[in-house]
Amino acid sequence: MLNNGRCVLSSDLVYDGYEYNIDFDDLEKKLAMPQTTLMILCNPHNPIGKIWSQETLQRIGDLAAQYHVVVVSDEIHCDIVTPGKEYVPFASVSQTNLMNSITCIAPTKTFNLAGLQTSCIVVPNAILRHKVNRAINTDEVAEPNSFAITASITAFEKGGKWLEELKSYIESNKQMAHAYIKTYLPELHVTPSEATYLLWIDCSHVCKNSLELVEFIRSTTGLYLSSGEEYGKNAKSFIRMNIACPQERLNDGLKRLRQGIGNYKKGSENYE
């Protein structure tokens, strides 16, 4: 966006020490700015793994329409939710949301097809659809290869049973990671999650600079984690962990995390 000369505003989520919520006063203030024309919504949210409720999506949609702001709903993680939970598509909530939104989905996250470079854009509003069609053709990103088309159709039509098994496995991994961290790393807090295969971990009681922390853990244990700083300044003391892997590998990763945190704390104590 910045490379295209856009002025980017962020309406940061509010963290209460346990979970996140939307600051609707801040959101409305920024939607009301005359130069605001587009809002990007992440649903379910990455990295916190939150499924937005129908009421929340309705409120966002009404505010966006009131201030003539189009909503682009990034729903790429929509298939990966906790068993028994369902995410709510932004466009499904109301006619207002339907006609004032662009929804982006893909088989890439769920079915591990990112290498085929394919995705889908759903635009019910004919005027918006024309603009989107023009834009993706201008940038020459509207021509998926034959493998991508066949793989996407196959995944969506025949991958249901596999997906249900995947969701159960990921949930088992989450429970395993939560239990391990609670037992061996109680100074960390894992944000409650209903979607995605990612853990969003508050490490503020260990380190306020997660970039420094993940680099230390990587160099001393070989474990690769993402620094929260890349998601905004208010996430500087968070780390993101991918748990979409066999449980044997996850167990190894958790042990490396414990080792890395322990070594970092010892180093900090020695420095003090």
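**Ring pairs and their surroundings**

Mentor: Happy to! There are nine aromatic pairs in the structure, where a pair means Phe, Tyr or Trp rings (the six-membered one for Trp) with centres within 6.5 Å, called stacked when the planes are under 30 degrees apart, edge-to-face when over 60 and tilted for the rest. One of them joins tyrosine 15 to phenylalanine 238, edge-to-face, with 5.0 Å centre to centre and 80° between the planes. This pair connects distant parts of the chain, since tyrosine 15 belongs to strand E1 (residues 14-15) and phenylalanine 238 to strand E10 (residues 238-242), 223 residues apart.

Keep in mind that the model is predicted, with local features needing pLDDT of at least 70 and side-chain atom pairs pLDDT 80 or more, while totals for chains, interfaces and linings use all residues. Residues are numbered from 1 along each chain as its sequence is written, and side-chain values use heavy atoms, leaving out hydrogens and water. Helices (H or I, at least four residues) and strands (E, at least two) are DSSP runs, numbered from the N terminus.

Tyrosine 15 is partly exposed at 23% relative accessible area, whereas phenylalanine 238 is buried at 3%; buried means under 20%, exposed over 50% and partly exposed in between, with a 1.4 Å probe and protein chains only. Another pair is formed by phenylalanine 216 and tyrosine 264: their ring centres are 5.4 Å apart and their planes at 75°, so this pair is edge-to-face too. Phenylalanine 216 is in helix H8 (residues 210-221) and tyrosine 264 in helix H9 (residues 247-271), so parts 48 residues apart in sequence are tied together. Phenylalanine 216 is partly exposed, at 26%, while tyrosine 264 is buried, at 10%.

Ring pairs also build a cluster, made up of Tyr15, Tyr20, Trp200, Tyr231 and Phe238.

One more ring deserves a visit. Arginine 59 sits over the face of phenylalanine 24, 3.9 Å from the ring centre; the rule asks for NZ of Lys or CZ of Arg within 6 Å of the centre and within 35 degrees of the ring normal. Phe24 takes us to helix H1 (residues 24-31), where it is buried along with Asp26, Leu27, Lys30 and Leu31. Viewed down the axis of H1, these buried residues fall within an arc of 160°, so they line one face of the helix; the arc is taken from the directions from the helix axis to the C-beta atoms. As background, an α-helix has 3.6 residues a turn, so residues three or four places apart point the same way. Asp25 and Lys29 are exposed on the other side of H1. The buried residues of H1 pack against strand E3 (38-42) and helix H2 (54-66), with contact meaning heavy atoms within 4.5 Å. At the N-terminal end, H1 is capped by aspartate 23, which has a side-chain oxygen 3.3 Å from the backbone nitrogen of aspartate 25.

Serine 73 counts as buried, at 0% relative accessibility.

Note on methods
Polar contact = N/O pair within 3.5 Å; in protein donor to acceptor, adjacent residues only side chain to side chain.
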